[in-house]
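Here are a few notes to read alongside the model. Keep the 3D view open and follow the points in order.

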Amino acid sequence: MNGFDLDTYNEQARNGPCFICSMLADVPGYEHRIVLDDGVHVAFLDRYPTLPGKVLVAPRAHVEDAIGGFTEEQYLALQLVVHRVATALAATVPTERLYVLSLGSQQGNAHVHWHVAALPPGVPYEQQQFHALMTEGAGVLPDDPEESERLAAQLRARLHQPAQEDAVLPAARPSPAEETA
């Protein structure tokens with residue numbers, strides 16, 4: 001697992017300082033490659049990715065309730081950032097499907113954040129979904145600082161471009177039941 005120690009990680013997540021607040025305060029040991037910072041939200045490469053280019057998106061403010069910690073307007077603004085980051089990620093790395101989820105709890109990694117991960121094409125079904133996201137199953141990808149910085153630069157460039165207001169959604173495909181009807 002690339003020298004990743006799950007027990008040490010869990011101890012730090014549960015008993016250490018908030019990793020997002022520490023990153024934003026430039027605390028040594030909490031550095032991440034930031035790809036977007038709009039003053040209200042921040043997006044950065046996961047230090048322990050299980051999938052190439054995995055990004056975390058969070059409010060800069062320390063919020064611990066994924067729904068109740070936001071007004072509707074704040075929540076929707078954060079989800080717009082999640083959408084922009086996911087769109088940029090899918091345009092940067094080969095993607096069969098995007099995974100977007102919020103993890104953490106009051107017991108560890110309490111600062112609300114969304115995981116945005118691109119499942120590469122060709123991953124066997126048994127290794128997809130939660131299996132692809134869990135360090136216990138997929139393992140942490142090898143640390144390659146040059147590749148991480150290249151990826152971060154590509155994401156920054158894509159995210160620096162204005163959001164496309166007129167983006168067209170792909171046509172909906174019929175469900176298998178509709179196809180046989």
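1. Start with helix H3, residues 72–92, in this predicted model. H3 lies across E1, strand E2 (41–45), E3, E4 and E5, and its direction is at about 25° to that of E5.

2. Now look at the sheet itself. Its five strands follow the order E1-E2-E3-E5-E4, the sheet is open, and the pairing is antiparallel. At the edges you will find strand E1 (34–37) and strand E4 (97–102), each of which pairs on one side only. From one strand to the next, the twist averages 15°.

3. For a detail inside the sheet, find strand E3 (residues 55–59) and strand E5 (residues 114–119), which run antiparallel and are joined by three bridges. Leu-56 stands opposite His-115 in E5.

4. Helix H5 (residues 145–160) also packs on the sheet, where it touches E1, E2 and E3. The direction of H5 makes about 25° with that of E1. H5 has 16 residues and reaches 22 Å from its first C-alpha to its last, close to the 22 Å expected at 1.5 Å a residue.

5. Which residues of H5 are buried? They are Ser-148, Leu-151, Ala-152, Leu-155 and Leu-159. These residues sit on the same side of H5, because they cover an arc of only 100° around the axis.

6. Finally, compare the two faces of H5. The cover over its buried residues includes E1, E2, E3 and H3, while the face turned away from the buried side carries the exposed residues Glu-146 and His-160.

Note on methods
Residues numbered from 1 in each chain as written. Predicted model: local features only at pLDDT ≥ 70, side-chain atom pairs only at ≥ 80, totals over all residues. Heavy atoms only, no water. Pairing = 2+ DSSP bridges. Helix = DSSP H or I, 4+ residues; strand = E, 2+ residues; numbered from the N terminus. Axes fitted to C-alpha atoms, helices over the stretch in contact; angles between N-to-C directions. Contact = heavy atoms within 4.5 Å. Expected span 1.5 Å × (residues − 1). Buried < 20%, exposed > 50% of the residue type's maximum accessible area, 1.4 Å probe, protein only. Arc of directions from axis to C-beta.
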